[in-house]
Each structure stands twice: as structure tokens, then as C-alpha cells.
Amino acid sequence: MSFKIKINDKNYNLDINPDTPLLWVLRDHLNLTGTKFGCGVGQCGACTVLLEDEAVRACQTPISMVGDKKITTIETKTDKTVQKLQKFWVQEDVVQCGYCQSGQIMNAASLVKTNSKPNDEEIIKAMDGNICRCGTYNKIKTAIKAATAEV
């Protein structure tokens with residue numbers, strides 16, 4: 001089946017099985033490997049991307065569900081919110097092993113796009129479900145607050 005999708009402001013035409021998870025479209029068909037495979041069942045958040053501005057688990061989103069909504073991944077060159085969060089992720093030295101961080105940033109971007117000044121409880125609630133085995137949660141919270149304070 002043929003699909004027209006827009007990822008990071010670039011249009012793609014794909015002939016692909018409609019049940020193919022968005023994660024594998026990104027990684028295997030388009031070589032956008034910034035989105036990571038974690039648990040494969042939507043529980044860890046490593047594969048989080050934005051569908052419009054909503055955080056979704058790419059491993060649980062079949063390409064047939066995307067429709068004409070724009071997809072934003074960690075590789076975006078135009079999304080100012082994602083870029084600002086990336087800047088503060090580096091500034092606050094959040095990353096340890098780094099594997100989960102693209103999903104963490106994309107989930108944080110979804111939060112900040114809907115709540116430009118989240119408090120600690122709102123950040124913790126929004127980021128719940130994105131697992132970091134290195135335990136960088138406090139640094140993630142600090143980076144999100146720093147990014148939103150700059151606005």
C-alpha cells in the first residue's frame with residue numbers, strides 16, 4: 001500500500017505494509033535512526049516521536065494510523081522546542097548512556113508545547129513512562145525547567 005508521509009518537514013512516498021510500525025518505517029526504510037527501539041511494547045518510551053505535537057510510541061503506531069499528520073523525530077532541524085530542549089540537555093549534562101534520551105526529549109517537547117511553564121509535578125507526570133536505566137530523572141527535570149525558563 002502506498003503512503004505519503006511528512007517527517008521533519010520533508011515529504012516521503014512509501015510503498016509499505018499498512019501494519020508496519022512507524023518505528024521501523026523511520027529506522028529501516030528512511031534510515032532515521034535517532035528514534036530508538038527499546039521494549040517494543042510501548043512501555044519504555046525510547047521510541048517516542050511527535051505525531052503533530054502529541055508524543056506517541058512509534059513501536060505501537062502503525063504507518064496506516066499516521067494519515068496526513070506531520071511526524072517530528074529527534075533529527076528535526078526546524079522544531080524550535082526540540083532544539084531548545086537539546087541545548088539544555090547538553091547544558092545540564094543529562095545524558096549518561098544516552099539510549100533513552102531521544103525519546104525523553106520528544107516526550108518533553110510534547111509537554112512543553114502544551115504547557116510552557118510546567119511545575120515539578122506536571123513534569124514528573126508527563127515524563128512518567130519514559131524509562132531511563134541510568135536514572136537521570138532529576139537532570140531531565142532540571143533541563144526541562146531550564147528550557148522553559150528561557151522562553
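## Exercises on domains and salt bridges

At 36% relative accessibility, lysine 145 counts as partly exposed; buried means under 20% relative accessible area, exposed over 50%, and partly exposed in between (1.4 Å probe, protein chains only). The model is predicted, so local features need pLDDT of at least 70 and side-chain atom pairs count only at pLDDT 80 or more, while totals for chains, interfaces and linings use all residues. Residues are numbered from 1 along each chain as its sequence is written, and side-chain values use heavy atoms, leaving out hydrogens and water.

**Exercise 1.** Describe the interface of domain 1 and domain 2.

*Solution.*

Step 1. Domain 1 covers 2–72 and domain 2 covers 80–149; such bounds come from an automatic or database domain assignment. Taken over C-alpha atoms, the domain centres are 21 Å apart.

Step 2. Contact means heavy atoms within 4.5 Å. In contact are 16 residues of domain 1 and 11 residues of domain 2.

Step 3. About 1100 Å² is buried between the domains, 54% of it on carbon and sulfur atoms. Buried area is the accessible area (1.4 Å probe) that two parts lose on being put together, summed over both.

Step 4. The interface holds 8 residue pairs in polar contact, both residues at pLDDT 80 or more. A polar contact is a pair of N or O atoms within 3.5 Å; within protein, one must be able to donate a hydrogen and the other to accept it, and residues adjacent in sequence count only if both atoms are side-chain atoms.

Step 5. On the side of domain 1 that touches domain 2, β3 (48–51) and β4 (54–57) are the elements that give two or more residues. Helices (H or I, at least four residues) and strands (E, at least two) are DSSP runs, numbered from the N terminus. The residues of this side divide into 6 nonpolar, 6 polar and 4 charged; Ala, Val, Leu, Ile, Met, Phe, Trp, Tyr, Cys and Pro count as nonpolar, Asp, Glu, Lys and Arg as charged, and the others, Gly among them, as polar.

**Exercise 2.** List the salt bridges and place their partners.

*Solution.*

Step 1. The rule asks for a side-chain nitrogen of Lys or Arg within 4 Å of a carboxyl oxygen of Asp or Glu. The count comes to 3 salt bridges.

Step 2. Lysine 113 pairs with aspartate 53, the closest N and O atoms being 3.7 Å apart. Lysine 113 is in helix α3 (residues 101–114) and aspartate 53 in the loop between β3 and β4, 60 residues apart. Lysine 113 is partly exposed at 29% relative accessibility, and aspartate 53 is partly exposed at 36%.

Step 3. Aspartate 79 also forms a salt bridge with lysine 113, with 2.8 Å between the closest N and O atoms. Aspartate 79 lies in the loop between β5 and α2 (80–91) and lysine 113 in helix α3, so this pair ties together parts 34 residues apart in sequence. Aspartate 79 is buried, at 8% relative accessibility.

Step 4. Aspartate 120 and lysine 145 form a salt bridge with closest N and O atoms 2.7 Å apart. Aspartate 120 is in helix α4 and lysine 145 in helix α5 (residues 137–149), so the pair ties together parts 25 residues apart in sequence. Aspartate 120 is partly exposed, at 31%.

Step 5. Shared partners join Asp53, Asp79 and Lys113 into one network.
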